[in-house]
Amino acid sequence: MALPSPINVTPSALDHIKALLDSRGKPSAGIRLGVRSKGCSGLSYTLEYADDESGFDEIVQLDDGVKLMIDPKAIMFVLGTEMDYSVDKMEEGFVFRNPNEKGRCGCGESFHV
């Protein structure tokens with residue numbers, strides 16, 4: 001029995017991840033998701049290109065061979081999160097809907113669990 005994915009990536013987010021990887025100009029193992037201390041609420045999400053897989057990353061295999069690697073220090077903060085990509089009149093970017101969040105700062109840049 002397979003375990004459920006620790007994070008749900010929407011089709012819109014997947015399309016944008018693929019576009020980022022295609023436009024990078026060099027091969028990538030995937031995208032790495034992490035969290036870091038930042039902002040008034042304590043934590044913020046980070047995304048970076050992954051040149052290789054770490055033996056400790058949680059690997060989420062997405063469509064078309066795309067891999068999302070979750071930093072081991074971030075896994076407990078992102079379990080059950082939905083990662084989306086949103087475009088509207090005022091902003092564009094990845095959006096994280098995390099059921100574990102207990103609060104966010106006013107600007108939406110950081111969260112706490």
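Tutor: We begin with the surface. Accessible areas come from the Shrake-Rupley method with a 1.4 Å probe. In this predicted model, the accessible surface of the protein chain amounts to about 7,000 Å², and carbon and sulfur atoms hold 53% of that surface.

Student: What share of the residues in the protein chain is buried?

Tutor: A residue is called buried when its relative accessible area is under 20%. Of the 113 residues in the protein chain, 35% are buried.

Student: How many helices and strands does the protein chain have, and what pattern do they follow?

Tutor: The chain has 2 helices and 9 strands. Along the sequence, they follow the pattern β-α-β-β-β-β-α-β-β-β-β.

Student: Is Ile70 buried or exposed?

Tutor: Ile70 is buried, its relative accessible area being 0%.

Student: Let us turn to aromatic rings. How many aromatic pairs are there, and how are they classified?

Tutor: Two rings pair if their centres lie within 6.5 Å; planes under 30 degrees apart count as stacked, and planes over 60 degrees apart as edge-to-face. The count by this rule is 2 aromatic pairs. Tyr45 and Phe96 form a stacked pair, with 4.1 Å from centre to centre and 20° between the planes. Tyr45 lies in strand 3 (residues 42–50) and Phe96 in strand 7 (residues 92–97), so this pair ties together parts that are 51 residues apart in sequence. Both Tyr45 and Phe96 are buried.

Student: Why is the pair of Tyr85 and Phe94 classed as edge-to-face?

Tutor: The planes of Tyr85 and Phe94 meet at 75°, with the ring centres 5.0 Å apart, so the pair is edge-to-face. Tyr85 counts as buried at 12% relative accessibility, whereas Phe94, at 22%, is partly exposed.

Student: Which polar contacts does the side chain of Asn98 make?

Tutor: A polar contact is a pair of N or O atoms within 3.5 Å. A polar atom of the Asn98 side chain lies 2.6 Å from the backbone oxygen of Phe77. The Asn98 side chain also makes a polar contact with the side chain of Thr81, at 3.3 Å. Asn98 itself is placed in the loop between strand 7 and strand 8 (103–104), and this residue is buried at a relative accessible area of 9%.

Student: How should I read salt bridges, and how many does the structure hold?

Tutor: Side chains of opposite charge can pair when their charged atoms come close. The structure holds 7 salt bridges. One of them joins Asp51 and Lys26, with the closest N and O atoms 4.0 Å apart. This pair links distant parts of the chain, 25 residues apart: Asp51 is in the loop between strand 3 and strand 4 (58–61), and Lys26 in the loop between helix 1 (11–23) and strand 2 (30–38). Asp51 is partly exposed, at 48% relative accessible area, and Lys26 is partly exposed as well, at 45%.

Student: Which residues are linked with Asp51 in a network of salt bridges?

Tutor: Arg24 and Lys26 are linked with Asp51 in such a network.

Student: Are Arg32 and Asp57, which also meet in a salt bridge, buried or exposed?

Tutor: Arg32 and Asp57 are both buried. Their side chains meet at 2.7 Å, N to O. Arg32 lies in strand 2 and Asp57 in the loop between strand 3 and strand 4, so the pair ties together parts that are 25 residues apart in sequence.

Student: Where do Arg97 and Asp84 lie?

Tutor: Arg97 is in strand 7 and Asp84 in strand 6 (residues 81–87), 13 residues apart. Their side chains form a salt bridge at 3.3 Å, N to O. Arg97 counts as partly exposed at 41% relative accessibility, whereas Asp84 counts as buried at 14%.

Methods
Residues numbered from 1 in each chain as written. Predicted model: local features only at pLDDT ≥ 70, side-chain atom pairs only at ≥ 80, totals over all residues. Heavy atoms only, no water. Phe/Tyr/Trp six-rings, centres within 6.5 Å; stacked < 30°, edge-to-face > 60°. Helix = DSSP H or I, 4+ residues; strand = E, 2+ residues; numbered from the N terminus. Buried < 20%, exposed > 50% of the residue type's maximum accessible area, 1.4 Å probe, protein only. Polar contact = N/O pair within 3.5 Å; in protein donor to acceptor, adjacent residues only side chain to side chain.
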